[in-house]
Amino acid sequence: RHMRSAMALAFAHVRSRHDAEDVAQDAFVAAFEKLDTLREPQRFSAWLAAIVRNRAGRVRERRLHEANLTDRDAWREESVTPDPARAELLEK
């Protein structure tokens, strides 16, 4: 009943079908595990959407962290291994 909206919301945040599927599935598992904490059952859709947004945010943060590590590693490698053509220009 709620899978399409959860998938659409997840995809809007993570822009990857694979990640959106993981986010939606994770959100449903989390909702099931915390179902006893839901105070207003008529607001289940909104509650689930909040869980989806939270899980999608974690995926985005993980991606940014991984991208930053990759960029930092590339920068370090570049600064350690100088470009021979650039080094030649600096010597002149």
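## A helical chain seen from A20

A20 is found in helix α2. The model is a predicted one, and in it A20 is buried, with a relative accessible area of 0%. Leaving aside neighbours within four places in sequence, A20 is in contact with M7, A10, F11 and V14. The C-alpha atoms of A20 and V59 are separated by 9.4 Å, although these two residues stand 39 residues apart along the chain.

**The overall fold**

The chain has four helices and zero strands, and from the N terminus on its elements run α-α-α-α. Of its 92 residues, 25% count as buried, while the accessible surface of the chain comes to about 7,500 Å², of which 52% belongs to carbon and sulfur atoms. Among contacts between residues at least 6 apart in sequence, 55% join residues that are at least 24 apart.

Helix α1 has 12 residues and reaches 16 Å from its first C-alpha to its last, which is close to the 16 Å expected at 1.5 Å a residue. Its buried residues are A6, M7, A10 and V14. Seen down the axis of α1, these buried residues fall within an arc of 95°, so they line one face of the helix.

F11 also lies in helix α1, but F11 is partly exposed, with a relative accessible area of 36%. Neighbours within four places in sequence aside, F11 is in contact with S16, R17 and A20. The C-alpha atoms of F11 and A24, which are 13 residues apart along the chain, are separated by 9.1 Å.

Most residues other than glycine have a negative phi. R15 belongs to the loop between α1 (3-14) and α2 (17-33), and this residue is exposed, with a relative accessible area of 61%.

**Helix α2**

In α2, the residues D19, A20, V23, A24, A27, A30 and A31 are buried. Seen down the axis of α2, its buried residues fall within an arc of 135°, so they line one face of the helix. On the other side of α2, R17, H18, Q25, F32 and E33 are exposed.

V23, one of the buried residues of α2, touches A10, V14, V52, R55, A56 and V59, not counting residues up to four places away in sequence.

In soluble globular proteins, nonpolar side chains tend to be buried together. Here the largest nonpolar core has 18 residues, and those with the most contacts inside it are V14, V23, W47, L48, I51 and V52. Helices α1, α2 and α3 (44-80) each supply at least two residues of this core, and its largest share, seven residues, comes from α3.

The structure holds one aromatic pair. The rings of F44 and W47 have their centres 5.9 Å apart and their planes at 55°, so the pair is tilted. Both residues lie in helix α3, three residues apart, which is about one turn of the helix. F44 is buried, and so is W47.

A50 lies in helix α3 as well, where A50 is partly exposed, with a relative accessible area of 37%. A50 and A6 are 44 residues apart in sequence and 9.9 Å apart in space, C-alpha to C-alpha.

**C-alpha distances between residues apart in sequence**

| Residue pair | Separation along the chain | C-alpha to C-alpha distance |
|---|---|---|
| A20 and V59 | 39 residues | 9.4 Å |
| F11 and A24 | 13 residues | 9.1 Å |
| A50 and A6 | 44 residues | 9.9 Å |

How values were computed: Residues are numbered from 1 along each chain as its sequence is written. This is a predicted model: local features need pLDDT of at least 70, side-chain atom pairs count only at pLDDT 80 or more; totals for chains, interfaces and linings use all residues. Side-chain values use heavy atoms; hydrogens and water are left out. Buried means under 20% relative accessible area, exposed over 50%, partly exposed in between (1.4 Å probe, protein chains only). Contact means heavy atoms within 4.5 Å. Accessible areas come from the Shrake-Rupley method with a 1.4 Å probe; for residues, only the protein chains shown count as cover. A nonpolar core is a set of buried Ala, Val, Leu, Ile, Met, Phe, Trp, Tyr and Cys residues joined through side-chain atoms within 4.5 Å. The arc is that of the directions from the helix axis to the C-beta atoms. Rings of Phe, Tyr and Trp (its six-membered ring) pair if their centres lie within 6.5 Å; planes under 30 degrees apart count as stacked, over 60 as edge-to-face and the rest as tilted. The expected span of a helix is 1.5 Å times one less than its number of residues.
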